Amino acid sequence: MPPVKPAHLREQNPFADSDSSDSDQTADLIQKESPRPPQLPPRPTYNAPPPLPQRPSAQSIRNLNEDFKIKETLFIPNTKRVNRRPPVQDRLPNVDLSVGKQKMIQISGEHCACLQSEQVKIVRIRSGETIVQLQEKCKWTSLCFVPSKTMEDEGKYLWIGTDKGELLEIDMNGRILDRKQAHNGPVTHIIRSGFDLITCDDNGGLKIWQCQEKCLLSDRPRSWRISSKTQILLYVNGFLWAIAGKQIEIYHLESSSNNLLVKKFEIGFGLAAIVQACAIQDRVYLGHDDGKISVYVNFEKQKTVVVSAYAIKSLLAGVDNQIWVGFGTGKISVFDTEEWYTIKDFQGAYSQSIVQLTQDVHGLCRSGYLNIASLSDSGSVRIWDGFLYKDRIEEENRRNPTYNIMTPIQVVVLTWNIDSRKPSDMEQGDLVDRSFMKELFQSNAQANLFVIGFQELVDLESKSQTAKSLFAQASKEVNPDLRLKLWQDKLMSILYESLPNANFQIVSCQQMVGLFQLIVSKSITPREIGTCQSKTGLAHLHGNKGALVTRFLINDSAFCFVNCHLAAHQSQVSARNNDIQYILKDASFPKSPQDGVWQQGGDGTQILDHESIIWSGDLNYRIDLTRQQVIDAIDRSDFSLLHQHDQLIKQREFSNFGLRDFQELPLDFAPTFKYNRGTYQYDSSEKMRIPAYCDRILYKGDLITCHAIQRHECKISDHRPVSSIFSIQTRTIDQTKYIAHLKRSTRTIDDQLQTLIEQQQQQWLQTLSRQ
């Protein structure tokens with residue numbers, strides 16, 4: 001049993017039951033004996049923080065953008081002469097040089113030097129064989145072929161920079177000839193300056209290695225310092241452009257002053273960060289991450305050119321005032337910078353960015369070939385013809401062609417969203433409803449082609465019809481919609497009734513859900529007929545939206561007709577633009593070897609390969625005005641106001657819009673959408689849709705002329721039909737004259753190439769004399 005503590009040592013329980021008197025005495029005793037806690041220090045006082053700046057309103061931002069647009073005129077290259085054939089070299093294999101995850105490449109002669117973090121490889125361009133593989137206990141950061149004053153030694157040696165500031169020189173057998181601790185940080189740049197080399201490290205240390213017979217690491221370089229973390233170095237006529245993000249510093253390397261800095265500035269509002277730079281003579285071209293190129297002369301910006309909506313990743317100066325641009329989409333474009341038009345636009349890599357473009361600097365002097373190499377972010381390397389030899393011959397061959405025999409034809413195009421109406425609905429209408437097609441055909445009795453495109457052949461808002469068409473492919477039985485047959489028979493009967501003595505031939509008749517296309521010829525016989533369908537509805541799985549495409553040849557001219565129905569609703573401009581891009585990419589035909597027939601370097605597989613293209617349908621572009629504003633303009637017949645706010649017309653101002661190079665006659669009539677069926681009244685339902693020019697006919701081609709566009713007053717649908725009349729020149733190629741003309745064109749281009757080689761050799765000698 002534990003011992004009992006004395007009473008005076010026992011712990012008192014403050015919650016134990018006791019009389020009040022005892023409790024009061026205890027409380028008084030505790031209060032007297034317990035010391036008071038010290039007073040808290042006074043609460044510090046602070047000055048009120050300054051108010052936050054007011055958030056700019058959306059209207060103020062729009063005003064700022066408008067101010068920028070007023071001050072800055074943006075140029076857009078002409079794309080009518082673009083060629084999409086990849087410029088492969090016939091003497092080289094048309095394959096990727098897949099040699100690993102390259103960070104950087106350089107080419108010279110028959111060799112391609114590839115830099116990876118852990119190793120450097122040298123690959124033979126012709127065979128793809130790796131002949132050198134160099135590894136060290138460091139990370140490789142930069143490389144460049146060493147220039148030489150003797151043509152035989154050009155490209156025989158390679159300088160490589162490391163993350164430790166060291167420079168190595170190797171030959172094409174992989175032997176390390178020399179090495180030097182030249183910098184105090186990672187060597188980020190090795191670039192050429194005539195026959196000299198410029199090296200720069202991450203800390204801003206800059207060294208210029210002067211060439212005697214060739215640059216040697218044993219020589220003592222001139223040293224300067226520029227800003228650290230420079231991302232881009234560009235040498236232009238004695239001046240060094242050092243660029244990082246939006247910051248630009250320009251140094252005069254030939255100045256006798258200790259302060260080499262000539263100008264320092266930041267690019268202004270409206271341009272994204274600079275990702276690459278190149279120069280042609282005294283003009284400097286800066287490629288920006290937002291698809292723009294800014295042009296500088298004498299350190300001042302002259303213009304800004306919008307070459308794409310996609311990010312620029314690489315830039316290279318070619319020959320004859322050309323620049324090559326690599327994009328984040330894997331495309332490579334070549335631009336003429338004198339007239340600013342697109343020469344070439346081709347896919348350099350698929351689903352990859354073109355992160356570098358480089359060229360064999362003296363390739364023309366040494367071998368007569370100008371090789372340009374592209375590097376994708378996955379590491380694949382491709383070699384291209386920098387002279388664009390085939391394209392020049394093709395372009396020259398099309399000038400003043402004496403081998404073509406021209407024959408005109410006439411074409412009638414009708415587009416109509418019929419709102420799921422049947423032929424019987426037209427027969428039950430009034431006289432205008434029943435007779436408008438007959439009047440159209442009779443008034444164009446000389447036409448050779450009748451192209452009729454419908455949209456909403458079936459009710460697209462019907463869930464049962466949508467499900468039926470969506471799952472039709474899963475069914476083993478094929479049940480074609482009877483409306484195709486009904487409308488085909490009705491249209492052919494109207495043609496025969498309108499022109500009873502004509503001999504018609506159905507070129508093609510096809511349907512995809514609500515889309516319908518019928519092409520009928522008279523007195524001509526198309527050949528090489530092909531059809532295809534492109535679905536843009538429900539992630540490209542459903543044909544409720546999309547296009548029907550038909551192509552054929554008449555004589556030696558290629559025709560393509562597109563009937564489309566694009567994404568609906570006022571706000572879906574981007575969706576409609578994407579539909580067009582998808583149709584242009586997705587619609588395809590078998591290759592057809594036809595010399596002198598296809599356009600833009602194509603082979604007949606794509607829409608834009610054809611010489612004459614007519615694109616019609618319910619494009620669904622709207623008018624960006626209120627309903628009342630549109631109605632008032634219609635009442636005043638002020639159609640020019642509607643054109644100013646028409647979405648399609650505004651989209652054609654952008655360089656990346658798929659139909660930018662298509663033409664359209666002015667729409668000198670009221671909008672064709674949306675009417676109450678059977679009336680002349682625009683939509684009066686709860687939705688009160690804004691009237692719009694949804695139904696359009698556009699065209700593209702040098703030999704095509706549009707004489708008229710009109711709307712018709714058939715009221716059975718909520719859209720009005722639209723028709724256009726075209727005359728198109730067709731070509732018949734005299735093969736004997738064509739071959740002779742092609743030989744003359746080839747000789748002309750060979751002479752141009754020889755002249756360019758001599759100019760390059762002269763430049764070599766001039767540079768040599770200045771050293």
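In this predicted model, Arg731 forms a salt bridge with Glu611, and the closest N and O atoms of the two side chains are 2.9 Å apart. Arg731 belongs to strand E39 (residues 722-733), while Glu611 sits in the loop between helix H9 (573-586) and strand E36 (612-618), so the pair ties together parts that are 120 residues apart in sequence. Both Arg731 and Glu611 are buried.

**Other salt bridges**

- The structure as a whole holds 46 salt bridges, and one of them joins the side chains of Arg283 and Glu338, with a distance of 3.3 Å from N to O.
- Arg283 is part of strand E19 (residues 283-288), whereas Glu338 lies in the loop between strand E24 (331-336) and strand E25 (341-347), so this pair ties together parts that are 55 residues apart in sequence.
- Arg283 counts as buried because its relative accessibility is 15%, which is under the 20% limit for that class, whereas Glu338 is partly exposed, with a relative accessible area of 48%.
- Another salt bridge is formed where the side chains of Arg677 and Asp419 meet, at 2.6 Å from N to O.
- Arg677 is found in the loop between helix H12 (647-651) and strand E37 (695-700), and Asp419 in the loop between strand E29 (404-417) and helix H5 (423-427), so the two tie together parts that are 258 residues apart in sequence.
- In this pair, Arg677 is partly exposed, with a relative accessible area of 40%, while Asp419, at 10% relative accessibility, counts as buried.

**A network of charged residues**

- Salt bridges also link Arg84, Lys591, Asp603 and Asp609 in a network.

**Enclosed space**

- Rolling a probe the size of a water molecule over the atoms shows where empty space is left.
- A search of the whole structure finds 1 cavity of 30 Å³ or more, and the largest cavity holds about 90 Å³ of space.
- The lining of the largest cavity is made up of Val88, Gln89, Leu92, Pro93, Asn94, Val95, Leu97, Ile125, Arg382 and Ile383.
- By residue class, this lining of the largest cavity divides into 7 nonpolar, 2 polar and 1 charged, and Arg382 is among the residues that line the cavity.

Notes:
Residues are numbered from 1 along each chain as its sequence is written. This is a predicted model: local features need pLDDT of at least 70, side-chain atom pairs count only at pLDDT 80 or more; totals for chains, interfaces and linings use all residues. Side-chain values use heavy atoms; hydrogens and water are left out. On a 1 Å grid over the protein atoms alone, a cavity is a set of points where a 1.4 Å probe fits but cannot get out, and a pocket is an open set with protein on both sides within 12 Å along at least five of seven lines; lining residues have an atom within 4 Å of a point. Grid points are joined across faces, edges and corners, and a volume is the space filled by probe spheres set on the points. Ala, Val, Leu, Ile, Met, Phe, Trp, Tyr, Cys and Pro count as nonpolar, Asp, Glu, Lys and Arg as charged, and the others, Gly among them, as polar. A salt bridge is a side-chain nitrogen of Lys or Arg within 4 Å of a carboxyl oxygen of Asp or Glu. Helices (H or I, at least four residues) and strands (E, at least two) are DSSP runs, numbered from the N terminus. Buried means under 20% relative accessible area, exposed over 50%, partly exposed in between (1.4 Å probe, protein chains only).
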